[in-house]
Amino acid sequence: MLIGEVARRSGVSTRMLRHYDSLGLVRPTGRTVCGYREYSTEDIRRIFHVESLRSLGLSLRQIGRALADPAFTPAALVGDLIRRTEDRLRQEQELLDRLRAVDASAPAGWQEVLRIVALLRGLGSPSAAQRQQAVLAPDEETPVPAELLAEAILAESDPNVAGALRWALARAGGDGVASVSSGVRSPNPAVRERAVRAIAELPGTEATEVLACALEDPEPAVRRHAALAAGTRGVTAAVPVLVGMVVDGTSDVEAAEVLGTLALAPECAEQITEALSAELATPAASSAVRIRLTQALAELPEALARDLLRPLTQDAERPVALLASALLERPG
């Protein structure tokens, strides 16, 4: 079969067939009396082998080596191709994400585009200091998409950078809660915690509702952050978690302060006093736990606190009795 017919049937151009011949990849078995290339059935089968390997991303040099060595094993080469393809796809995805971030900012000009691109590069830096600097770089005129900040918040492990990102998200406006609330549903507890901490700094009823739902999270750290924020917003469902924080000694001072704020509402005061009193009466409660609970009582409204502290001045545990007496004697 002559080269023109081979090109028509195989879809490989005559120029490429000549190139294959020059490289020794596919050399026609014969020549016509006029000197034209003549391909056998085996030659055509080899052309299809070459094209199949090219479709996998192999270079012509790699294809030649593979076809020339009968003992060639493709596993290592295919593994290398997989890794290179994954790298290329990752780069393409990064480019797509960058373009979407620029598009979401609705830039009015190239200066705004350059600002978003600079932010993206900064957030991608391996240096925490550079990531933080990128977030805090002043530019009041260029809006930063909440979606971009939310994505960075959910991925950021450095506490300083995370704090800067939460600050930026709170200033960004837009639908910040919706942008970051997907993290609350993540299977990763660390991501859920980052999401709750970010939402805690956002205003509005939607943020409060998300925080209230997070009180049921299976991860204690997530529940604690949600309780401190939700309790500050008047969510009474946070009371059990806050009391548990006092008992455990985890951010117990902050938890007690929030309980004191919640107790200003009469309908919540009874729930709080009952919960604290029940923990104080628990036989297994250690002296340290009972001291923290006594200190928490002092954060309640004065009249309520005094009624609960007086009996404790006669407590069997001397440190608890002394603390209760001292709290009662302090100026109102």
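Domain bounds in this briefing come from an automatic or database domain assignment. That assignment gives domain 1 (3-72), domain 2 (137-232) and domain 3 (234-331). The model is predicted, with local features needing pLDDT of at least 70 and side-chain atom pairs pLDDT 80 or more, while totals for chains, interfaces and linings use all residues. Residues are numbered from 1 along each chain as its sequence is written, and side-chain values use heavy atoms, leaving out hydrogens and water.

**Distance and contact**
- The C-alpha centres of domain 2 and domain 3 are 30 Å apart.
- Their contact (heavy atoms within 4.5 Å) involves 10 residues from domain 2 and 12 residues from domain 3.

**Buried area**
- Domain 2 and domain 3 bury about 900 Å² between them, with 78% of it on carbon and sulfur atoms; buried area is the accessible area (1.4 Å probe) that two parts lose on being put together, summed over both.
- Arg224, Leu228 and Gly231 supply 51% of the area that domain 2 buries against domain 3, more than any other three residues.

**The domain 2 side**
- Helices (H or I, at least four residues) and strands (E, at least two) are DSSP runs, numbered from the N terminus.
- Two elements, α12 (205-214) and α13 (220-232), each give two or more residues to the side of domain 2 that touches domain 3.
- The largest share of that side, 7 residues, comes from α13.
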